[in-house]
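Here are my notes on the model, point by point. Please read them with the structure open.

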Amino acid sequence: VISGHNLRMAPTRVCSSTFVREGTAGVQLLRCMRCRDTYYVSADAQRAHWKVHKKTCRDVAPGELEEIHSMDIQQTFMAIK
């Protein structure tokens, strides 16, 4: 917070399997359709990462994703603590 303003940078999306950043060489990431909060460069990358991701992947209640995205880093940390 600077001078009463909450400055937030746009999130950088990264493939959870390959760690490729969205926009790198025109990469458009795909979103997990269940939790809608994890991104992949391809369906093959998603399948390769499923063994790890399935431990935290869950359906998101209506409105919950918007609430999560509106949190700053400190609020997010406190919510998962």
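1. Cys15 is buried in this predicted model. Its relative accessible area is 1%.

2. Cys32 is buried too, at 2% relative accessibility. The structure holds zero disulfides. For Cys32, the nearest cysteine sulfur belongs to Cys57 and lies 3.7 Å away.

3. In soluble globular proteins, nonpolar side chains tend to be buried together.

4. Which residues does Leu29 touch, leaving aside its neighbours within four places in sequence? Its contacts are Arg13, Val14, Cys15, Val20, Glu22, Tyr39, Tyr40 and Val41.

5. Now the helix. Ala45, His49 and His53 are buried in α1. They cover an arc of only 65° around the axis, so they lie on the same side of α1. Asp44, Arg47, Ala48 and Lys51 are exposed on the other side. The cover over the buried residues of α1 includes β2 (39-40).

6. Take His49 by itself. This residue is in helix α1, residues 43-53. Is His49 buried or exposed? His49 has a relative accessible area of 15%, and the cut-off for buried is under 20%, so His49 counts as buried. Beyond its neighbours within four places in sequence, His49 is in contact with Ser16, Ser17 and Tyr40. Tyr40 is also in contact with Leu29.

Conventions: Residues numbered from 1 in each chain as written. Predicted model: local features only at pLDDT ≥ 70, side-chain atom pairs only at ≥ 80, totals over all residues. Heavy atoms only, no water. Contact = heavy atoms within 4.5 Å. Helix = DSSP H or I, 4+ residues; strand = E, 2+ residues; numbered from the N terminus. Buried < 20%, exposed > 50% of the residue type's maximum accessible area, 1.4 Å probe, protein only. Arc of directions from axis to C-beta. Disulfide = S-S within 2.5 Å.
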